[in-house]
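Subject: Structure for your files

Hello,

Here is the structure you will be working with. My notes on it follow below.

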Amino acid sequence: MLTIFDKINIKKFETFFNDEEKCLAFLAEEKWQDGYVCKHCGHTRYCSGKTPYARRCTKCKHEESATAHTMFHRCKIHLPDAFRLAHIVCNSPSISTAELSETLDLRQMTCWKFKKKVTQCIENRKDMSAAGKVELKEIILGLPVSEKEL
Ligand SMILES: [Zn+2]
């Protein structure tokens with residue numbers, strides 16, 4: 001599994017995350033790398049949920065999707081595009097939404113909204129890391145503070 005996103009060139013990145021399932025598989029693997037714990041009851045046994053890579057608690061039946069608690073939660077963009085956008089923003093934080101919109105063939109407003117989320121995640125992580133270096137892998141699991149409080 002790829003660990004350091006920002007060292008991967010965009011071509012390789014696109015081949016790797018070229019479909020929704022691969023993105024979900026990656027998120028699930030990252031999210032539950034230390035093992036699954038139900039967010040509701042703390043149980044650690046699960047079965048598969050309704051959506052790909054979702055996990056359902058065998059005790060309380062609470063289901064958690066692969067995107068829940070990641071910055072891709074409730075993301076309206078097709079996941080591979082969202083991954084690309086995040087990758088680009090990590091590598092070139094000053095890129096304009098107009099450029100993103102053109103590169104990814106997405107509406108500028110869509111790019112603006114998701115870029116804001118990615119940037120917020122990067123900022124959050126910078127507070128935490130003394131090195132100041134941010135890798136997409138790290139920020140993927142970080143949510144903007146405002147959403148955590150919801
Ligand atoms: Zn549970």
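D105 sits in the loop that links α4 (97-104) to α5. This is a predicted model, in which local features need pLDDT of at least 70 and side-chain atom pairs count only at pLDDT 80 or more, while totals for chains, interfaces and linings use all residues. Residues are numbered from 1 along each chain as its sequence is written. Helices (H or I, at least four residues) and strands (E, at least two) are DSSP runs, numbered from the N terminus.

The phi of D105 is positive, about 55°, although D105 is not a glycine. Most residues other than glycine have a negative phi. D105 counts as exposed because it has 8 C-beta neighbours inside 10 Å. The cut-offs are these: a residue is buried if 20 or more other C-beta atoms lie within 10 Å of its own, exposed if 12 or fewer, and partly exposed in between, with C-beta atoms placed from the backbone.

R74 is another non-glycine residue with a positive phi, near 55°. R74 lies in the loop between β3 (63-64) and α3, and with 9 other C-beta atoms within 10 Å it is exposed.

**The chain as a whole**

The protein chain has 7 helices and 3 strands, in the order α-α-β-β-β-α-α-α-α-α along the sequence. Of its 150 residues, 27% count as buried. Two residues are in contact if their C-beta atoms, placed from the backbone, lie within 7 Å. Among contacts between residues at least 6 apart in sequence, 49% join residues at least 24 apart.

**Helix α3**

Helix α3 covers residues 79-91, 13 residues in total, and reaches 18 Å from its first C-alpha to its last. That is close to the expected 18 Å at 1.5 Å a residue, where the expected span is 1.5 Å times one less than the number of residues. Because 10 of its 13 residues are buried, α3 is largely enclosed by the rest of the structure. The buried residues are L79, A82, F83, R84, L85, A86, H87, I88, V89 and C90.

How does α2 pack against α3? The angle between α2 (residues 20-31) and α3 is about 60°, and their axes are 8 Å apart. Axes are lines fitted to C-alpha atoms, for helices over the stretch in contact, and angles run from 0 to 180 degrees between N-to-C directions. The angle makes α2 oblique to α3; under 35 degrees counts as roughly parallel, over 145 as roughly antiparallel, 65 to 115 as roughly perpendicular and the rest as oblique. E20, C23 and L24 of α2 meet L79, P80 and F83 of α3 in this contact.

**The core**

A nonpolar core is a set of buried Ala, Val, Leu, Ile, Met, Phe, Trp, Tyr and Cys residues joined through C-beta atoms within 7 Å. The largest one has 24 residues, of which A82, L85, A86 and V118 touch the most other members. Helices α2, α3 and α5 (108-128) each supply at least two residues of this core, and the largest share, 8 residues, comes from α3.

**L104**

L104 is in helix α4. With 19 C-beta neighbours inside 10 Å, L104 counts as partly exposed. Leaving out residues up to four places away in sequence, L104 touches D81, R84, L85 and C111. L104 and D81 are 23 residues apart in sequence, with 6.9 Å between their C-alpha atoms.

Regards
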